[in-house]
Amino acid sequence: MAHILLVEDEALVAMLFQTALEGEGHRVTLAGDGVEALEADDSDPADAVVTDMNMPRMNGKELVTRIRQRRPGLPVILISGYAAQGGPLASDASTVVLSKPISPRLLARTLSSLIPDQ
């Protein structure tokens, strides 16, 4: 299955999503913010990124912008408590913006639609 970079600053939410994604057979790397995520992706590139919007040091939108400079087609799921924050990223075919709260099942299903061949 796919290697997923999961970027979430709330430990409980991260554990919930990690468990769901690993249950689907994915390998999951956790990062607590965008800075950690970029470092993790440098050392072990992911097949897709699942990121929260609001995080310390670097928010999800900035993370997506920076990671796409290096890897333009990388599938991304951006999770936001405020749908309007998705902005221009929402129109990108390889980016899905989900509004909180979301179920782990919806996350796994959405991820599968972005990387169906994994």
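D33 touches V7, M55, P56 and R57, leaving aside residues up to four places away in sequence; contact means heavy atoms within 4.5 Å. The model is predicted: local features need pLDDT of at least 70, side-chain atom pairs count only at pLDDT 80 or more, and totals for chains, interfaces and linings use all residues. Residues are numbered from 1 along each chain as its sequence is written, and side-chain values use heavy atoms, with hydrogens and water left out.

D33 sits in the loop between β2 and α2 (34–43). Helices (H or I, at least four residues) and strands (E, at least two) are DSSP runs, numbered from the N terminus. D33 counts as buried because its relative accessibility is 5%. Buried means under 20% relative accessible area, exposed over 50%, and partly exposed in between (1.4 Å probe, protein chains only). The D33 side chain also reaches the backbone nitrogen of E36 at 2.9 Å. A polar contact is a pair of N or O atoms within 3.5 Å; within protein, one must be able to donate a hydrogen and the other to accept it, and residues adjacent in sequence count only if both atoms are side-chain atoms. D33 and P56 are 23 residues apart in sequence, yet their C-alpha atoms are 6.2 Å apart in space.

R57, one of the residues touched by D33, is placed in the loop between β3 and α3. At 60% relative accessibility, R57 counts as exposed. Its phi is near 65°, a positive value in a residue other than glycine. The peptide bond from K100 to P101 is cis, with omega near -5°. Most residues other than glycine have a negative phi, and most peptide bonds are trans.

The protein holds four helices and five strands. From the N terminus on, its elements follow the pattern β-α-β-α-β-α-β-β-α. Of its 118 residues, 46% are buried. Among contacts between residues at least 6 apart in sequence, 63% join residues at least 24 apart.

Five strands form an open sheet in the order β2-β1-β3-β4-β5, with parallel pairing. β2 (27–31) and β5 (95–99) are the edge strands, each pairing on one side only. On average, neighbouring strands of this sheet are turned by 15° against each other, direction ignored. Two strands pair if DSSP finds at least two bridges between them. Strands β3 (residues 48–52) and β4 (residues 76–80) run parallel and are joined by four bridges. V49 has V76 as its bridge partner in β4. Helix α4 (residues 104–114) packs on the sheet, where it touches β1 (3–7), β3, β4 and β5; its direction makes about 150° with that of β4. Axes are lines fitted to C-alpha atoms, for helices over the stretch in contact, and angles run from 0 to 180 degrees between N-to-C directions.

Two helix pairs were examined. The axes of helix α1 (residues 11–23) and α4 come within 9 Å and cross at roughly 50°. α1 and α4 are therefore oblique to each other. Angles under 35 degrees count as roughly parallel, over 145 as roughly antiparallel, 65 to 115 as roughly perpendicular and the rest as oblique. The crossing of α1 and α4 is right-handed. A crossing is left-handed if the near helix is turned anticlockwise from the far one by less than a right angle, and right-handed if clockwise. In α1, L16, F17, A20 and L21 meet P104, L107, A108 and L111 of α4.

For α2 and helix α3 (residues 60–70), the axes come within 10 Å and cross at roughly 20°. α2 and α3 are therefore roughly parallel to each other. Their crossing is right-handed. G34, A37, L38, D41 and D42 of α2 meet L63, R66, I67 and R70 of α3.
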